[in-house]
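Take a first look at the chain below.

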Amino acid sequence: MAQLMAATGATHTKYSRGNLFWAMNSKTYTTLKSKVITFTATGDIASNIFGVLPIITGDVDILEFMQDGDIVGGYGDLYLWSQRSGMTIEQSREVQFIQDNTVFKGKQRADGQPIIPGAFVAININNVEVTTTMTFAADIANDAALTDLAISGVTLNPGTFDPDTFSYTGTSSTASAKIEATSGRAPRWLSHLTAKTSATAAP
């Protein structure tokens, strides 16, 4: 904990005396709690971290997309947040109709950056480089998860279907072609059947 305090001490500024925050994932938070486990006078096990870092102070915010060991924090009131549009929430029953699911989509455009860079710090308690760039997890909720794809009268390129390939090309000699896509996300009551969606494509 002493090393962590020294590392977080790199956060300093003359422009804020507000509250600190520390963002990390659940695994990192649990690791910190394990470092300060003690026994009380009655023999109970206790860990003096309850949503706030002891001595260092500052609320703990759990963000599961962060990498293990990474901690980012500082004075949140010195971060400029620009909201470019209001939030919109939409729904659709057609996207996953065959799975009997309703899909919700939330969208908001925003940007931001620290006003005073020295008011923030990024550290890693596992003694490895801090993650500075990352790719957000795939949107599997809206993933069709196809197990097969066929277009009548058309040879697809690549020729063999691959669930991880999302772009195919092909040439048809007819004015229209039947597209047959087999979904791997059929509901449980259709688990013994082959769930297929068909459409006709015209040039």
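Y79 is partly exposed, with a relative accessible area of 37%. Before turning to its surroundings, consider the chain as a whole, bearing in mind that this is a predicted model.

The chain has 203 residues, and 24% of them count as buried. Its secondary structure is made up of 2 helices and 13 strands. When contacts between residues at least 6 apart in sequence are taken, 66% of them join residues at least 24 apart. The accessible surface of the chain is about 14300 Å², and carbon and sulfur atoms account for 55% of that surface.

Now to the aromatic rings. How many aromatic pairs does a search of the whole structure find? The search gives 2. One of them is formed by Y79 and F120, whose rings lie 6.2 Å apart, centre to centre, with 80° between the planes. The pair is edge-to-face because the angle between the planes is 80°, and over 60 degrees counts as edge-to-face.

Where in the chain do Y79 and F120 sit? Y79 belongs to strand β6, which covers residues 79–83, while F120 belongs to strand β10, which covers residues 120–124. The two residues are 41 apart, and their pair links distant parts of the chain.

Is F120 buried or exposed? F120 has a relative accessibility of 16% and therefore counts as buried, since the cut-off for buried is under 20%. Y79, at 37%, is partly exposed.

Technical notes. Residues numbered from 1 in each chain as written. Predicted model: local features only at pLDDT ≥ 70, side-chain atom pairs only at ≥ 80, totals over all residues. Heavy atoms only, no water. Phe/Tyr/Trp six-rings, centres within 6.5 Å; stacked < 30°, edge-to-face > 60°. Helix = DSSP H or I, 4+ residues; strand = E, 2+ residues; numbered from the N terminus. Buried < 20%, exposed > 50% of the residue type's maximum accessible area, 1.4 Å probe, protein only. Contact = heavy atoms within 4.5 Å. Areas by Shrake-Rupley, 256 points an atom, 1.4 Å probe, with all protein chains shown as cover.
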